[in-house]
Amino acid sequence: GYLHVLTPKIAKEDLYKMSGHIPYYVDSMYPPMKLDDGNYYLKAMNCPHTHMIYRSQPHSYKELPIRYAEYGTVYRYELSGTLAGLLRVRGFTQNDAHIYCREDQIEEEFLKVMKLHDFWYQKFGITNFYMRLSLPSKDKKKYIHIPNEWKKATTILQTVMKKSGLPFTEVQGEAAFYGPKID
């Protein structure tokens, strides 16, 4: 049910400002390339690019969910002391997805993603694994300030992880700037 997309490897700084990534991730991005019409960055994350595909045309709530998937290569300027073999690198291709859905579809869509993980783990005989539910830290400066949405998103993810039956642990302080996440 995913539409496979491919996004550019470079984008104008304005895209990353609009998405909110610049204040939180600029230190992990390669320095900007200054061109005659502004600054450009190597793609450090797929999200803003995929969001632009979604925004490129109007959508009705009846069309949702819309699922995009990308084998997207990203480039991150990791400090040399943090590089660690294949675990922490400066360029990698990830199987990434973005799902645009109504609020009443979130649990079902998220559960489908967890079942998809479980399917492939079983297919490849991977039995020793767990998921990390990354939650915000008490330092709220690291995150977009929308407390009610954070509570709602955290509750939904906790509920879905319990429903999935997959092993998981909760880790404080590892959420993305825009919300809790599963690793």
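This is a predicted model: local features need pLDDT of at least 70, side-chain atom pairs count only at pLDDT 80 or more; totals for chains, interfaces and linings use all residues.
M33 has Y40 as its bridge partner in β4. Strand β3 and strand β4 (residues 38-42) run antiparallel and are joined by 3 bridges. L35 stands opposite G38 in β4, and a hairpin of 2 residues takes the chain from β3 to β4.

On the other flank of β4 sits β2. Again the strands run antiparallel, with 3 bridges joining β2 to β4, and here I10 faces L42 in β4. Put together, that gives an open sheet of 3 strands in the order β2-β4-β3, with antiparallel pairing. β2 (10-12) and β3 (33-35) are the edge strands, each pairing on one side only. On average, neighbouring strands in this sheet are turned by 35° against each other, ignoring direction.

There's another open sheet of 3 strands, ordered β8-β7-β9, and its pairing is mixed. Its edges are β8 (168-172) and β9 (181-182); each has a single partner strand, so one side of each is left without a neighbour in the sheet. Strand β7 (residues 131-135) pairs with β9 in the antiparallel sense over 2 bridges, and L133 stands opposite I182 in β9.

Here are the residue pairs that stand opposite each other, side by side:

| Residue | Opposite residue | Strand of the opposite residue |
|---|---|---|
| L35 | G38 | β4 |
| I10 | L42 | β4 |
| L133 | I182 | β9 |

What lies across β7, β8 and β9? Helix α5 does, running at about 165° to β7. Helix α5 (residues 147-164) also has a helical partner: its axis and that of helix α4 (residues 106-123) come within 10 Å and cross at roughly 45°. That crossing angle makes α4 oblique to α5, and α4 passes α5 in a right-handed crossing.

Which residues in α4 meet α5? They are I106, E107, F110, L111 and M114. From the α5 side, the contact takes in I156, L157, T159, V160, M161, K163 and S164.

Now for the rings. How many aromatic pairs does the structure hold? The count is 7. One of them brings together Y54 and Y100: the ring centres are 4.2 Å apart and the planes sit at 10°, so the pair is stacked. This pair links distant parts of the chain, with Y54 in helix α3 (residues 47-55) and Y100 in strand β6 (residues 91-100), 46 residues apart.

One last backbone detail is worth a look. Most residues other than glycine have a negative phi, and most peptide bonds are trans. The peptide bond from L64 to P65, though, is cis, with omega near 5°. As for where P65 sits, the loop between α3 and β5 (66-75) is the place.

Conventions
Residues are numbered from 1 along each chain as its sequence is written. Side-chain values use heavy atoms; hydrogens and water are left out. Axes are lines fitted to C-alpha atoms, for helices over the stretch in contact, and angles run from 0 to 180 degrees between N-to-C directions. Helices (H or I, at least four residues) and strands (E, at least two) are DSSP runs, numbered from the N terminus. Angles under 35 degrees count as roughly parallel, over 145 as roughly antiparallel, 65 to 115 as roughly perpendicular and the rest as oblique. A crossing is left-handed if the near helix is turned anticlockwise from the far one by less than a right angle, and right-handed if clockwise. Contact means heavy atoms within 4.5 Å. Two strands pair if DSSP finds at least two bridges between them. Rings of Phe, Tyr and Trp (its six-membered ring) pair if their centres lie within 6.5 Å; planes under 30 degrees apart count as stacked, over 60 as edge-to-face and the rest as tilted.
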